[in-house]
Amino acid sequence: MKNILKLTLGLLTIGLMGCEPEFENAVTDEGFYSSGTADFSRFVSVGNSLTAGYADNALYITGQQNSYPNIMAQQFEFVGGGDFTQPLMNDNLGGLLLNGTQIANNRLVLSIDGEGNGTPVILEGQPTTDVINGPTGPFNNMGIPGAKSFHLVAPGYGNVAGILNGTSNPYFARIATSESASIIGDAMTLNPTFFSLWIGNNDILAYATSGGTGIDQTGNLDPTTYGPGDITDPNVFAAVYSQELDAMTAGGAKGVVANIPNVTSIPFFTTVPARSIPLDAPTAAAVNAQFGLYNTQVLPGLVAVGVISAEEAALRMINFEAGTNYPIITDDSLTDVSAILQGPPFNLPEAIAQLLGQLRQANDTDLVVLIAASELGTVPDPGNPSGVIGVSIPLEDRLVLTATEHGFVANATLAYNASIQGLAATKGLAFVDANAALQQVSSGGIGYDGGVLTSTFGTGGAFSLDGVHLTPRGYAYVANLFIDAINAEFDATIPKVNIGDYGTITPANN
Amino acid sequence: MKKAFLFSILILGTAVMQAGGYRISIQGQKALAMGHTGVAVLNSSELVFFNPAGLVHLENRFNISAGVSGVFSNVAYQNESTGANTMTDSPMGTPLNFYASYKATDWLAVGLGVYTPYGSSVEYEDDWAGSHLVNNIDLQAIYIQPTVSVKITDKFSVGGGPIYVTGSVNFNRNLNRTLTDLEGNRSEVTIDATGVSSWGWTASTMFRVTNNLTVGANYRSEIILDAEDGDADFENIPNTPLAPFEDTTFNASLPLPAEMTVGLSYSCEKWLFAFDFNRAFWNVYESLDIDFANPDIPDSKNIRNYKNASTYRFGVQYAATDMFTLRAGYYFDESPVQDGYFAPETPRNDSNGYTAGLTLNVTDRLGIDASFLYLHFKEVDASYDFYTENGQSVPFRGTYKSNAFAPGLGLTYKL
């Protein structure tokens with residue numbers, strides 16, 4: 001009797017708990033959203049740091065959880081999407097170790113001082129992710145930070161032995177199935193039914209973020225001869241891109257690809273103004289006096305002996321005035337006159353000749369990179385208070401993307417994007433115009449329910465503290481772009497996310 | 001056996017809101033079985049709640065009624081544009097009541113009631129889409145009401161008494177939609193106040209028009225629960241001057257609105273029919289303002305703007321045999337929540353309640369009451385438009401579908 005009563009009460013309780021309210025049309029019902037003509041059961045995403053969820057100059061867990069492929073995979077669950085496994089880091093510090101030695105910095109966080117000013121600083125702490133103790137895949141997210149187009153098909157790009165000499169990649173070495181594995185090869189072990197590919201950004205960005213110190217390899221068809229900061233030849237790009245799409249569609253998979261944003265949409269290149277050195281009238285006059293003979297004697301003299309043209313001499317004139325000034329910079333596209341200046345008729349001391357060797361003042365066509373902000377106007381040698389970067393010490397070449405260099409980048413971007421869009425059309429893939437979309441973010445912004453998403457550094461919401469990679473909100477916006485493209489191409493109705501639900505930069509004082 | 005069952009419910013003890021706002025209309029097993037009518041029903045000491053003026057008309061000298069229901073309520077939420085969806089996992093609510101009355105003389109009866117007319121316990125999945133509005137809430141209020149009932153004439157009586165309320169509230173929500181600590185844990189606040197007490201009163205009248213027809217009216221005053229120096233606990237706050245949150249205390253006021261009920265009953269041989277009309281004066285609930293003691297922490301203003309709301313109740317009773325009395329009822333409960341103010345901590349739209357129950361008369365003196373309530377809510381598209389980020393209104397929209405079941409048991413003893 002006792003037991004029967006207990007059983008009855010128990011069943012009654014379970015029964016009533018089970019009477020959950022049901023929507024007439026529940027979003028979780030099969031068929032509420034449609035996958036259209038695509039099959040999302042095995043989704044694999046291939047790319048670089050953007051695909052990995054890299055942010056704040058590091059790869060860390062919460063960034064990975066907000067990667068655009070992971071957000072897409074969560075939405076794919078409404079239309080038959082399967083599990084989406086990512087090679088999560090060990091911690092939220094983001095630093096990377098190789099055999100216990102740190103080879104990548106921790107993430108940046110926004111530190112606020114007593115006056116309320118924010119500065120990106122490296123988060124303190126001992127990172128715990130070691131390349132040699134990587135997790136075992138297979139992984140649906142094959143975004144490898146640092147990868148260029150031709151790296152995806154390069155065997156041995158995940159060989160631990162090549163990390164220190166730069167022939168392989170620590171993030172791929174961490175998860176590669178073998179020393180000779182390639183990224184695409186490992187991705188294909190999942191036999192995907194659907195893929196995304198966003199690659200090529202580093203083929204120009206590595207050059208651009210290093211201020212054009214690398215080489216534009218346009219015309220050189222052998223990528224094994226490229227340096228890390230070089231621009232990939234557009235024909236090489238088109239060939240490997242086509243090869244990669246062939247590999248990924250070989251099993252009948254459908255997919256989505258995205259093109260490459262222009263560097264002028266990225267706060268790393270747009271935050272620090274070309275004109276950034278404030279001087280009062282006496283200081284400007286004193287600085288000008290230092291360059292007086294250079295402007296009036298040296299430059300005309302160089303023109304007279306035919307070393308430089310009159311145009312180049314005009315470009316190299318130095319003139320400061322009261323107000324905000326252009327810093328002096330080293331521009332390696334100028335004629336190097338340091339040797340000539342040490343000889344007759346100039347006979348300048350070596351130190352001064354070196355200073356003037358490829359010197360000019362910046363102008364509005366130059367893009368000064370974000371990390372120059374921490375150098376401009378500073379005095380690197382406390383023993384020499386008059387040695388001010390941008391005034392008496394030129395801003396290094398690596399911190400300025402000149403108009404010429406930017407032209408190389410823009411040309412390559414244009415060529416890559418033509419290849420991407422053309423190949424997408426040929427292969428029947430969904431196409432995301434990430435270039436146009438990020439252009440819109442940087443020019444007017446994208447409205448959402450809590451404000452406007454812009455590319456303004458720090459406050460705009462789209463870009464993380466490294467100025468290149470996106471925030472969770474930025475990645476959510478990208479995920480929506482991909483979903484839009486997929487819905488349009490494959491007649492699907494996958495729901496998008498609300499980007500207002502995703503965070504931006506992380507304020508934290510060490 | 002029954003004792004064990006009651007105990008197991010009581011230790012889970014909490015209350016679930018299952019009528020408009022955070023009102024729980026389960027104040028008597030007999031009344032609930034009849035659509036929670038009772039302002040003009042001469043049945044038992046449940047009159048302490050429904051109409052104290054009627055106590056003096058009870059046939060027996062000494063009456064006790066006690067009961068408890070187990071409330072299983074669920075809220076489903078979804079947003080079709082994003083696919084966000086969740087289902088509450090609220091604990092079982094246990095509204096309980098105890099009433100006793102004693103007829104001292106032919107014209108005077110005294111009574112005591114303990115009951116729980118307000119409460120709410122809703123638990124969403126942590127960090128769900130609306131977690132910036134609520135993760136979970138547990139609100140309880142226990143009313144203790146000494147009562148007198150006086151017969152003025154054979155047909156006309158009045159009653160009433162003071163009400164002592166003791167209550168508690170525990171509420172958790174995320175600070176906003178995105179703030180986290182470095183590990184990605186959402187920043188949240190829990191406010192907790194217990195032992196919050198206040199006083200109110202009730203007054204009522206009953207008129208026995210004929211032997212078959214009775215009319216009644218009952219008024220319960222508004223009671224404001226002022227929580228003072230409750231605990232506000234901030235968790236997962238990043239170390240930055242931009243998020244100056246630290247544990248502090250808070251003051252807040254929660255109104256338990258006044259309620260007016262008028263109704264009638266008509267008996268005919270073995271049948272009794274009852275109708276009640278409730279008017280709950282919810283317009284007192286304009287805003288839930290949480291005033292944190294720490295001046296660096298911005299106060300939390302949560303606009304509610306409830307409107308007064310009515311409930312229409314119908315009940316019928318059939319005395320089938322000496323041993324069994326059967327009851328059934330229906331009510332329509334209007335929500336006090338206005339368009340654009342639909343906050344997920346009280347996700348209530350208009351509802352239809354269907355009730356049934358019976359009394360098993362074990363002896364002449366002792367009866368066992370059972371009741372069952374099914375509360376049906378229509379699916380509703382709703383939004384709460386008064387959450388702001390950076391001064392901009394960020395509506396929280398979605399489709400809600402709720403229901404509730406409440407089986408209950410009680411005892412009636414008369415002497």
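This is a predicted model: local features need pLDDT of at least 70, side-chain atom pairs count only at pLDDT 80 or more; totals for chains, interfaces and linings use all residues.
Does Asn347(A) count as buried or exposed, going by its C-beta neighbours inside 10 Å?

1. Asn347(A) counts as exposed, because it has 9 C-beta neighbours inside 10 Å and the cut-off for exposed is 12 or fewer. This residue sits in the loop between helix 13 and helix 14 of chain A. Its phi is positive, at about 50 degrees, although Asn347(A) is not a glycine.

2. The loop that holds Asn347(A), between helix 13 and helix 14, is also the place of Pro345(A). Helix 13 covers 338-342 and helix 14 covers 350-356. The peptide bond joining Pro344(A) and Pro345(A) is cis, and its omega is about 5 degrees.

3. Another cis peptide bond runs from Gly137(A) to Pro138(A), with omega near 5 degrees. Pro138(A) lies in a loop of chain A that has a strand on either side: strand 6 (129-130) and strand 7 (141-143).

4. Asp56(A) is not a glycine, yet it has a positive phi of about 55 degrees. Its place is the loop of chain A between helix 2 (49-52) and helix 3 (61-65).

5. Is Asp56(A) buried or exposed? Asp56(A) counts as buried, because it has 26 C-beta neighbours inside 10 Å and the cut-off for buried is 20 or more.

Technical notes. Residues are numbered from 1 along each chain as its sequence is written. Chains are lettered from A and ligands numbered from 1 in the order in which they are written. Helices (H or I, at least four residues) and strands (E, at least two) are DSSP runs, numbered from the N terminus.
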